[in-house]
Amino acid sequence: GNTPSPAPSARFQFDRPALPALLMQPSSTAADEGVTVGLRVRPLLPRDRAEGAHECLRKVAGEPQVVLGADRAFTYNHVFPPEASQKELFDGCMQPIVDSVLQGYNATVLAYGQTGSGKTFTMSSSYTAAVAAGEDVGLIPRTIATVYEQASGEGSGVKIMSANATFIEIYKEEVYDLLSTKASDGSCPTLPIRENAESGGVTLTGQSSKPVESVEGAMAVLAAGSCHRQTGATAMNATSSRSHAIFKLSLSIKLANGTTFAPKLRFVDLAGSERAKRTGASGERLQEGIHIN
């Protein structure tokens, strides 16, 4: 990760929906820098019930713990049962991240799990007007809206805030710029990966960066990139994400006391890990699965 501007060392969020879906968030105190894990249990779908599936996981009351089968217990920092709403997820995992970002910390959220476990639903990385209008809007839109809302609120101490957004996908080991299209065929260009001689890090040559001045602007960028994402049908998911997507919001914050920060907020929606036998993948879908795994 990158070190935030004049803030202390970076805090990271790691978000993992799996089957059960998993979320990870940054710790609640600046002193504790470890990765925090939240588990989200996906409810059974009609397709699951038609295949004879039944619930084999239960949440321990009052504890962030689940029991698989008779006695296999697993403990996380957060556990969200199947009936948990997107808002409950945001309040439990993402609100501390918003507070951290506005204090100058970097934060990264990753959604991880097998295909069909609800990662893209949880994140809303495939953002559309239909998603925006419902209660099912996910963590990315909710987080961005809250960042702008808190930054503009009284008592925030923020005098000026500006932002730039980037959106890429990694598909079959190639990096594509979802915010740019080729004039010839309308496809997204690939981005060469280069090493930065000065910092020793990695850069994407020619990556598009869009300035965003409002929540609506950020959502427009997210929606524009979402329509270019690679998806495909498998036996486990009719609209399986076939690529890893990374949406980044680079903020520039100036406080009333003159202090400046440049935190970065990243959302990573990983393509679902999968077994070819269960997905029924063959041909191109099989090759995609190999690269995903």
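## Report on a predicted protein chain

Residue I246 touches T166, F167, I168, I170, F267 and V268, not counting residues up to four places away in sequence; contact means heavy atoms within 4.5 Å. The model is predicted, so that local features need pLDDT of at least 70 and side-chain atom pairs count only at pLDDT 80 or more, while totals for chains, interfaces and linings use all residues. Residues are numbered from 1 along each chain as its sequence is written, and side-chain values use heavy atoms, with hydrogens and water left out.

I246 is placed in strand 15, which covers residues 244-255. Strands (E, at least two residues) and helices (H or I, at least four) are DSSP runs, numbered from the N terminus. With a relative accessible area of 23%, I246 is partly exposed. Buried means under 20% relative accessible area, exposed means over 50%, and partly exposed lies in between, for a 1.4 Å probe and protein chains only.

### The chain as a whole

The secondary structure of the protein chain comprises eight helices and 17 strands. Of its 293 residues, 42% are buried. Among contacts in the chain with a separation of 6 or more, 59% are between residues 24 or more positions apart.

### Helix packing

Helix 5 (residues 139-152) packs with helix 2 (residues 86-101) and also with helix 6 (residues 215-226). The geometry of both pairs is set out below. Axes are lines fitted to C-alpha atoms, for helices over the stretch in contact, and angles run from 0 to 180 degrees between N-to-C directions.

| Helix pair | Angle | Axis separation |
|---|---|---|
| Helix 2 and helix 5 | about 45 degrees | 10 Å |
| Helix 5 and helix 6 | about 155 degrees | 9 Å |

Helix 2 and helix 5 pack at an angle of about 45 degrees, and helix 2 is therefore oblique to helix 5. Angles under 35 degrees count as roughly parallel, over 145 as roughly antiparallel, 65 to 115 as roughly perpendicular and the rest as oblique. Helix 2 passes helix 5 in a right-handed crossing. A crossing is right-handed if the near helix is turned clockwise from the far one by less than a right angle, and left-handed if anticlockwise. Helix 2 contributes Q86, K87, L89, F90, M94, Q95, V98 and D99 to this contact, and helix 5 contributes L139, R142, T143, T146, V147 and Q150. The residues of the contact between helix 2 and helix 5 comprise six nonpolar, five polar and three charged. Here Ala, Val, Leu, Ile, Met, Phe, Trp, Tyr, Cys and Pro count as nonpolar, Asp, Glu, Lys and Arg as charged, and the others, Gly among them, as polar.

D91 also belongs to helix 2. Its relative accessibility is 40%, so D91 counts as partly exposed. D91 and R142 are 51 residues apart in sequence, with 9.8 Å between their C-alpha atoms.

For helix 5 and helix 6, the angle is about 155 degrees, which makes helix 5 roughly antiparallel to helix 6. The crossing of helix 5 and helix 6 is right-handed. In this contact I140, P141, I144, A145 and Y148 of helix 5 meet V215, A218, M219 and L222 of helix 6. The residues of the contact divide into nine nonpolar, no polar and no charged.

### Strands and sheets

Strands of a sheet pair through backbone hydrogen bonds, either parallel or antiparallel. An open sheet of three strands has the order 3-4-5, with antiparallel pairing. Strand 3 (57-59) and strand 5 (72-75) are at the edges with a single partner strand each, so one side of each has no neighbour in the sheet. From one strand to the next, the twist averages 25 degrees. Strand 3 and strand 4 (residues 65-68) run antiparallel and are joined by three bridges; two strands pair if DSSP finds at least two bridges between them. Within this pair, L57 stands opposite L68 of strand 4.

Strand 2 (residues 35-40) is mostly covered, with five of its six residues buried. Strand 2 pairs with strand 6 (residues 78-80) in the parallel sense over three bridges, and L39 stands opposite V79 in strand 6.

I160 lies in strand 8 (residues 158-171) and is partly exposed, with a relative accessible area of 46%. Leaving aside neighbours within four places in sequence, I160 is in contact with S252, I253 and K254. I160 and S252 are 92 residues apart in sequence, and their C-alpha atoms are 8.0 Å apart.
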